[in-house]
Amino acid sequence: MKTTKLEKVVKRPGYEREARAVTLVLRVKHEDKWRRYPAAYAGNGRVKPGYAVVDRVAVKFDHPAYEVRYIEDRRPHYRAAGRDAVTAEAERKRIEVQSGAVAVAEAAGVKVAEITERKTLRAMADEYYLDAHHREAFEAETQARQVMPEFLKSCPRTLVDEVTRQDVLRFHAALRKRGLSDRTVANKHARLRAIMRFAGVDVKSVFPPEPGYDERLPTVYSPDQIKGILVAAEGRMRIVIGMAMKLGLREGELACSEYTDIYWSESVFRVRSKPQFNHRIKDSEERDIPIPADLLGELGCWREARPERNRGGLIVPTSNGTPDGKLLVHLKRLAARAGLGCEKCDGCKNNKWGCREWTLHRFRRNYLTTLLRNGLDLRTVQSYAGHSDMGSTMRYLRPAEGKDAQARINAVNWD
């Protein structure tokens with residue numbers, strides 16, 4: 001998280017002495033915890049976009065979420081107010097005026113019935129997509145566009161405030177019926193929860209605990225599988241496999257890789273966001289990855305063989321020069337042609353989706369496992385992987401397997 005401190009803290013005029021209980025706060029992730037801080041105001045009384053007051057100092061946060069804090073029944077409540085500072089302040093003022101009118105009416109012995117705008121699930125989903133796109137959270141947008149249609153298909157409700165705990169459990173059941181793993185169900189649960197929180201739903205009361213799942217060892221390709229796919233691969237797919245296996249790139253990072261990401265003299269590949277392609281790297285943190293000499297040579301030859309118009313652009317573009325969103329499809333077709341399918345999964349049996357054993361992400365697992373087995377320290381591997389926490393990297397500390405494991409066992413002195 002990047003922060004910028006200001007010399008002077010500015011709160012809304014009258015903030016310290018006001019008797020009104022309606023304030024604007026920012027909900028941010030600070031020091032690895034979700035926290036709420038008062039919004040900072042400029043000298044002209046306007047909200048300073050993205051700034052919150054932390055320990056009496058105004059601090060800039062990236063991609064904050066605004067909430068309006070108000071008191072009801074002597075308890076604080078929070079209502080989501082979006083990402084835009086001007087819109088959030090307008091919502092605060094609206095609630096403040098409404099609260100004031102209710103207080104005056106109640107003092108006069110008149111009961112006021114509050115009329116709230118009820119939003120449909122589909123309209124709310126569109127708002128979330130747009131919000132994620134504007135803050136360049138492209139991965140969150142992509143995941144939401146997958147999860148919400150799935151949820152709407154299983155949920156009989158129309159309005160956001162009608163969603164119940166049973167609807168979420170019904171969603172879990174529908175996902176499992178499709179044969180999705182417990183881990184995938186948990187991931188979709190987490191994304192749906194984030195969307196509903198954005199909509200102002202009290203997720204603590206509506207959502208059941210996140211589904212549990214067994215933490216399995218990451219699956220990797222065997223040496224025979226690697227050898228087989230490399231024998232079958234030619235041209236651009238050989239480049240794609242090489243970059244996935246020897247740089248550990250994610251699928252989106254592969255598709256959006258450009259020649260300008262390669263620092264040829266230093267043999268370094270820089271992973272960065274590509275807003276022009278609607279791609280933002282995970283955790284918004286750039287990273288440099290050393291390029292093995294053999295892969296650097298292949299990339300150089302590949303570049304020289306490309307038409308002049310592509311030499312400064314994408315490394316593995318489509319014929320139109322745009323990022324190829326079907327790299328996974330190409331890999332599965334390649335594995336099928338080479339006879340490398342498992343012949344057991346649904347993809348192999350119906351020949352529709354391709355073998356489930358073949359994914360681009362598995363090359364990334366091979367990359368991380370190989371680095372750790374060859375003695376690179378966890379902190380370095382974490383940096384190359386782009387993991388935000390050490391625990392994610394430690395999952396790839398796989399025990400030795402196959403012939404390597406047998407050779408080590410045979411070399412043990414049992415006396």
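## A walk through a predicted model

Let's start with Glu-91, which sits in helix H1 (residues 85–107). Helices here are DSSP runs of H or I with at least four residues, strands are E runs of at least two, and both are numbered from the N terminus. Glu-91 counts as buried, because its relative accessible area is 19% and buried means under 20% (exposed is over 50%, partly exposed in between, using a 1.4 Å probe on protein chains only). Leaving out residues up to four places away in sequence, Glu-91 touches Val-68, Arg-79 and Ala-81; a contact means heavy atoms within 4.5 Å.

A quick word on the model: it is predicted, local features need pLDDT of at least 70, side-chain atom pairs count only at pLDDT 80 or more, and totals for chains, interfaces and linings use all residues. Residues are numbered from 1 along each chain as its sequence is written, and side-chain values use heavy atoms, with hydrogens and water left out.

**The whole chain.** The protein chain has 16 helices and nine strands. Of its 415 residues, 39% are buried. Among contacts with a separation of 6 or more, 57% join residues 24 or more positions apart.

**The sheet.** Six strands form an open sheet in the order S4-S3-S2-S1-S5-S6, with antiparallel pairing. Two strands pair if DSSP finds at least two bridges between them. At the edges are strand S4 (57–60) and strand S6 (75–80), each pairing on one side only. Strand S1 (residues 23–30) and strand S5 (residues 65–72) pair in the antiparallel sense over five bridges. Arg-27, for instance, has Ala-65 in S5 as its bridge partner.

**The cores.** In soluble globular proteins, nonpolar side chains tend to be buried together. A nonpolar core is a set of buried Ala, Val, Leu, Ile, Met, Phe, Trp, Tyr and Cys residues joined through side-chain atoms within 4.5 Å. The largest one has 46 residues, and those with the most contacts inside it are Met-243, Phe-269, Ile-315, Leu-331 and Phe-363. Several elements supply at least two residues each, including helix H8 (235–247), strand S8 (268–271) and helix H13 (360–373). The largest share, eight residues, comes from H8. There is also a second, separate core of 27 residues, which includes Ala-132, Cys-155, Val-203 and Val-206.

Now zoom in on Phe-363, found in helix H13. Phe-363 is buried, with a relative accessible area of 0%. Phe-363 and Val-220 are 143 residues apart in sequence, yet 7.1 Å apart in space, C-alpha to C-alpha.

**The cavity.** A search of the whole structure finds one cavity of 30 Å³ or more. A cavity is a set of points on a 1 Å grid over the protein atoms alone where a 1.4 Å probe fits but cannot get out; lining residues have an atom within 4 Å of a point. The largest cavity holds about 50 Å³ of space, where volume is the space filled by probe spheres set on points joined across faces, edges and corners. Its lining includes Glu-253, Phe-269, Arg-270, Val-271 and His-279. S8 gives the most to this lining, with three residues.

Notes: 1 Å grid on protein atoms, 1.4 Å probe; cavity = no way out; pocket = protein on both sides within 12 Å on 5 of 7 lines; lining within 4 Å.
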